[in-house]
Protein chains: 2
Amino acid sequence: MVEDSKKPGLRDRKRTATRARIEAAAVDLVLRDGLEAATVDAISERADISPRTFFNYFDSKDAAILGLKPQALEDDLAEQVARPSDVDPIEAVVDLVVTTMGVGHGGDADLHQQRVEIMRRHPEVASSQFAQLNARKNRLVEQVRQLLARTATFPDDAELTARATIALAVCASAVHAAVETWVGTADSPAATDIDGPDDADVIRQRALSLIHSTLKELL
Amino acid sequence: MVEDSKKPGLRDRKRTATRARIEAAAVDLVLRDGLEAATVDAISERADISPRTFFNYFDSKDAAILGLKPQALEDDLAEQVARPSDVDPIEAVVDLVVTTMGVGHGGDADLHQQRVEIMRRHPEVASSQFAQLNARKNRLVEQVRQLLARTATFPDDAELTARATIALAVCASAVHAAVETWVGTADSPAATDIDGPDDADVIRQRALSLIHSTLKELL
DNA sequence: TTGCAGTCATGCATCTTTGCGGTACTGTAG
DNA sequence: CTACAGTACCGCAAAGATGCATGACTGCAA
């Protein structure tokens with residue numbers, strides 16, 4: 001049951017290939033025809049699947065465009081929380097958010113570049129990363145709750161959950177803001193070619209800076 | 001053109017009546033048949049309008065169930081921000097959020113009670129108040145920005161906007177959490193009959209308390 | 001090799017939501 | 001009273017999203 005990571009197997013290879021075809025088709029069509037002209041039907045046809053199957057691979061059209069894996073996260077999440085965590089809880093939560101948002105979608109550099117371009121042209125899409133987060137909110141709050149429980153002077157359960165909710169919101173909105181300014185200023189395609197400091201890191205840093213300055217001011 | 005507040009006029013009276021019929025129909029059907037059995041078609045039929053017209057009155061099915069007015073807010077918002085505001089910025093923002101979420105929908109007490117019951121049975125609906133907020137996010141951030149600009153040591157524009165975003169998120173999630181716990185513990189229908197301390201106030205207080213305790217801990 | 005159990009792809013039906021366009025009604029000015 | 005302008009209502013079509021049922025395919029074990 002828990003056979004892992006050695007033999008992909010035909011089944012998984014096919015599935016991976018299909019997902020890749022969908023992502024490519026979505027990105028291509030959006031860049032070619034615009035966001036609303038690129039319908040699910042069109043993308044599906046191009047990827048050689050039925051529209052119904054499309055939604056077996058992605059939760060939404062936007063998710064396909066951004067290449068957001070539907071679950072896959074669960075693994076990362078578990079891993080994140082299992083960490084030793086001598087680190088600042090805030091940093092851990094930001095990591096969680098960045099991962100869930102799929103900001104650092106590891107893989108094809110071209111595809112990544114194209115997605116940045118799409119986010120520049122259609123800012124609405126970028127904010128669907130946010131929606132992705134909301135959808136997983138309950139599970140994420142649970143993770144954050146565990147993180148906080150380590151350092152917090154243990155209040156009652158409801159209180160702790162509420163605090164986790166707020167902490168998550170802080171980090172999420174910070175990352176969101178960071179992504180927005182990053183997308184807005186990312187008109188230097190050459191710079192992102194090399195992926196020098198790594199896009200995800202830039203966003204992480206900006207988000208942390210925002211959080212600290214804002215919280216300091218609010219008190 | 002700017003004749004106001006004396007003669008409602010037949011047109012407005014009809015519109016108000018229709019909106020009320022929709023709200024009542026929505027609440028009744030949800031309580032009777034459940035959330036998903038109460039389709040837009042069913043609600044519309046019961047309210048004696050076409051399904052198309054339904055969306056002329058409300059942005060979504062959930063909005064109708066909760067009785068969230070589509071704009072109407074704009075007025076309140078402007079008013080909020082125009083205030084003198086010797087008050088804590090955080091309190092102001094919380095007010096903004098509570099108003100926008102339509103937590104204190106003034107009006108029919110029975111309807112209010114029914115809505116609380118619906119939120120208890122179908123928690124998903126409650127979180128669509130949150131969505132309502134996201135939809136108006138840009139405008140709200142602008143308002144919060146102005147509020148913050150008064151006390152903040154003026155950073156650059158992007159920074160200020162980012163901070164406003166985060167502050168809004170903090171307050172929004174706090175209110176959201178407060179609503180959730182309030183709904184969860186609101187199994188004393190007798191208590192809410194009298195509307196003693198006013199539901200909205202209870203939520204405001206709880207939210208503020210949450211914000212302060214959480215922020216203090218995160219630093 | 002064969003067969004079984006678990007997945008996957010798909011068609012179909014349904015629901016929510018939105019844009020467009022036409023028709024009917026309201027308020028008002030002549 | 002009448003005509004005109006502005007809304008409101010509604011039908012229609014299309015898109016995004018989801019549940020259900022069915023047939024096909026894969027992986028594995030006998």
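Colleague: Quick one to start: is Phe55(A) buried, partly exposed or exposed?

Modeller: Phe55(A) is partly exposed, at a relative accessible area of 41%. Buried means under 20% relative accessible area, exposed over 50%, and partly exposed in between, with a 1.4 Å probe and protein chains only. Bear in mind this is a predicted model: local features need pLDDT of at least 70, side-chain atom pairs count only at pLDDT 80 or more, and totals for chains, interfaces and linings use all residues. Residues are numbered from 1 along each chain as its sequence is written, chains are lettered from A and ligands numbered from 1 in the order in which they are written, and side-chain values use heavy atoms, leaving out hydrogens and water.

Colleague: Fine. How many aromatic pairs are there over all chains?

Modeller: The whole structure has 4 aromatic pairs. Rings of Phe, Tyr and Trp (its six-membered ring) pair if their centres lie within 6.5 Å; planes under 30 degrees apart are stacked, over 60 edge-to-face, and the rest tilted. One of the pairs is Phe54(A) with Phe55(A): centres 5.1 Å apart and planes at 75°, so edge-to-face.

Colleague: And how do the rings of Phe54(A) and Phe58(A) sit?

Modeller: That pair is tilted, because the planes are at 45°, with the centres 6.4 Å apart. Phe54(A), Phe55(A) and Phe58(A) form one aromatic cluster. Phe54(A) is buried at 0% relative accessibility, and Phe58(A) is buried at 0% too.

Colleague: Which residues make the contact?

Modeller: Met119(A), Arg120(A) and Arg121(A) from helix 7, and Pro123(A), Ala126(A) and Gln129(A) from helix 8. Contact means heavy atoms within 4.5 Å. They divide into 3 nonpolar, 1 polar and 2 charged.

Colleague: What about Leu111(A), buried or exposed?

Modeller: Leu111(A) counts as buried, at 14% relative accessibility, and belongs to helix 7 of chain A. Leaving aside neighbours within four places in sequence, Leu111(A) touches Glu23(A), Ala24(A) and Val27(A).

Conventions
Helix = DSSP H or I, 4+ residues; strand = E, 2+ residues; numbered from the N terminus. Nonpolar A, V, L, I, M, F, W, Y, C, P; charged D, E, K, R; others polar.
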